[in-house]
Amino acid sequence: MDAIKLLGELSMGSRLKRLSEMCMKAIQEAYAHYNVDFDPYLFPAFHSIANSKTTTNTELCDILQTSQPAVTQTLNKLQEKKLIELVQDPNDKRKKMVSLSKEGRAFYLNIQPLWAAMDL
């Protein structure tokens with residue numbers, strides 16, 4: 001018995017969360033199958049950074065419609081993977097400019113065929 005399904009519209013949020021988790025698991029399995037070390041939860045931020053020359057933490061919060069701590073955590077993970085570079089803004093020392101690293105640009109180019117196949 002699936003209690004969430006039985007609750008109908010009252011459980012819409014829970015059902016959407018379950019669906020999202022199933023999609024993320026499938027994407028992670030595809031990455032693992034092709035030996036790609038990438039977390040699907042990092043995709044929106046990574047793709048947004050790749051499609052801009054440079055951006056800031058605040059701009060990513062606006063683009064992704066998420067909290068500053070969530071963006072900071074994502075940027076830290078991308079930085080650990082050496083996919084991005086953070087540089088202090090010369091005009092405002094409080095800001096950090098975010099861009100793809102050399103490794104990030106190479107990864108972005110190499111992952112395109114897999115993302116294209118997943119998008120079908």
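A residue is called buried here when its relative accessible area is under 20%, exposed when that area is over 50%, and partly exposed in between, with a 1.4 Å probe and protein chains only. By that criterion, 28% of the 120 residues of the chain count as buried. The model is a predicted one, in which local features need pLDDT of at least 70 and side-chain atom pairs count only at pLDDT 80 or more, while totals for chains, interfaces and linings use all residues. Residues are numbered from 1 along each chain as its sequence is written, and side-chain values use heavy atoms, with hydrogens and water left out.

**Overall build**

The chain contains six helices and three strands, where helices (H or I, at least four residues) and strands (E, at least two) are DSSP runs numbered from the N terminus. Read from the N terminus, these elements follow the order α-α-α-β-α-α-β-β-α. The radius of gyration of the chain is 17 Å, well over the 14 Å that the globule rule gives for 120 residues, so the chain is more spread out than a compact globule; the radius is taken over C-alpha atoms, and the rule is 2.2 Å times the number of residues to the power 0.38. The C-alpha trace spans about 60 × 35 × 25 Å along its principal axes.

Contact means heavy atoms within 4.5 Å. Among contacts between residues at least 6 apart in sequence, 44% join residues at least 24 apart. The accessible surface of the chain, from the Shrake-Rupley method with a 1.4 Å probe, comes to about 8600 Å², and 56% of this surface belongs to carbon and sulfur atoms.

**The nonpolar core**

In soluble globular proteins, nonpolar side chains tend to be buried together. A nonpolar core is a set of buried Ala, Val, Leu, Ile, Met, Phe, Trp, Tyr and Cys residues joined through side-chain atoms within 4.5 Å. The largest such core in this chain has 21 residues, and those with the most contacts inside it are Phe38, Phe46, Ile49 and Leu78. Two or more residues each are given to this core by helix H3 (43–50), helix H4 (57–64), helix H5 (68–80), strand S3 (96–100) and helix H6 (102–118). The largest share, five residues, comes from H6.

Once its neighbours within four places in sequence are left aside, phenylalanine 46 has contacts that include Phe38, Leu78, Leu83, Leu100, Phe107 and Trp115.

**Individual residues**

| Residue | Relative accessibility | Class |
|---|---|---|
| Serine 48 | 16% | buried |
| Threonine 58 | 53% | exposed |
| Asparagine 35 | 73% | exposed |
| Glutamine 65 | 68% | exposed |

Threonine 58 is placed in helix H4; between threonine 58 and arginine 94 there are 36 residues of separation in sequence, and 11 Å in space from C-alpha to C-alpha.

Asparagine 35 is found in the loop between helix H2 (12–33) and H3, and its phi is near 55°, a positive value in a residue other than glycine. Glutamine 65 belongs to the loop between H4 and H5, and although glutamine 65 is not a glycine, its phi is positive at about 55°.
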